[in-house]
Amino acid sequence: MPPIKERVVRCYHCRREIFVPLAARSASCPLCHRGLVLDDLLVRDNGFAGKLATCGKVLVEKKGRAVTRQIDACEGVDILGSVEARIVSLGPLYLGRSARVKGECQAPSIVVERGAVIDGVLRIGVPQSE
C-alpha cells in the first residue's frame, strides 16, 4: 500500500470535507469552487483587522488583538489576547485567563479559564454544518 499523500480538511465556506495534498498551504474547494487557507493562523500583535478564515486553527497570542468582522476556523480557536469579532468555529473554543472577547461566538464546545472576559453571545454545541 503506498503512503498516504492527502489529508482531509473541512471547507469553511460550504462546510463539506475535502481531500487536499499533505504539503498544500492553500487550495480551492472542488465542491463550492472557492479559495481556502489550510494553514493555522497566528495573531501575534496589536491591530490585525482582516477577516480570519482557515481550515485549520486560529491562535490569538497574549499580546495579540484581532478586530475584524468574522473569524472562521474549522479546527478551533484559541484566544489568549483580545478579539472583537463574530467567531464561528467547528472545533473547540479556548479562552485563556487573559482573553477578552467581544462579539458572538459559535462553537461545539468551550473552555474558559478564570479571568477571561466575554462580552457577547455564546452559542455552544452548534451543529457541524450550516
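Predicted model: local features only at pLDDT ≥ 70, side-chain atom pairs only at ≥ 80, totals over all residues.
Me: Which strands does β10 pair with?
Reply: Strand β8 (residues 65–73) pairs with β10 in the parallel sense over seven bridges. Strand β12 (residues 100–102) is also parallel to β10, with three bridges. Strand β13 (residues 105–107) runs parallel to β10 too, joined by two bridges. Two strands pair if DSSP finds at least two bridges between them.

Me: Which residues are bridge partners there?
Reply: Ser 82 in β10 is the partner of Arg 65. Ser 82 also has Arg 100 in β12 as a bridge partner. For Ile 87, the partner in β13 is Cys 105.

Me: Switching topic. How many salt bridges are there?
Reply: The whole structure has eight. A salt bridge is a side-chain nitrogen of Lys or Arg within 4 Å of a carboxyl oxygen of Asp or Glu.

Me: Which residue does Glu 84 meet in a salt bridge?
Reply: Arg 65, at 3.0 Å, N to O. This pair links distant parts of the chain, with Glu 84 in strand β10 and Arg 65 in strand β8, 19 residues apart. Glu 84 is partly exposed at 29% relative accessibility. Arg 65 is partly exposed as well, at 31%.

Me: And what about Asp 72?
Reply: Asp 72 and Lys 51 form a salt bridge at 3.8 Å, N to O. Asp 72 lies in strand β8, while Lys 51 is in the loop between β5 (41–43) and β6 (52–54), 21 residues apart.

Me: Is each of those two buried or partly exposed?
Reply: Asp 72 is buried, at 5% relative accessible area. Lys 51 counts as partly exposed, at 42%.

Me: Where does Asp 78 come in?
Reply: Asp 78 forms a salt bridge with Lys 57, and the closest N and O atoms are 3.4 Å apart. Asp 78 sits in strand β9 (residues 76–79) and Lys 57 in strand β7 (residues 57–60), 21 residues apart. Asp 78 is buried at 18%, whereas Lys 57 is partly exposed at 29%.

Me: Back to sheets. What is the strand order in the open sheet of five strands?
Reply: The order is β5-β7-β9-β11-β14, with parallel pairing. β5 and β14 (110–112) stand at the edges with a single partner strand each, so one side of each has no neighbour in the sheet.

Me: How much are neighbouring strands turned against each other?
Reply: By 5° on average, direction ignored. Axes here are lines fitted to C-alpha atoms, and angles run from 0 to 180 degrees between N-to-C directions.

Me: How many bridges join β9 and β11?
Reply: Three, in the parallel sense, with β11 covering residues 93–95. Ile 79 stands opposite Leu 95 in β11.

Notes
Residues numbered from 1 in each chain as written. Heavy atoms only, no water. Helix = DSSP H or I, 4+ residues; strand = E, 2+ residues; numbered from the N terminus. Buried < 20%, exposed > 50% of the residue type's maximum accessible area, 1.4 Å probe, protein only.
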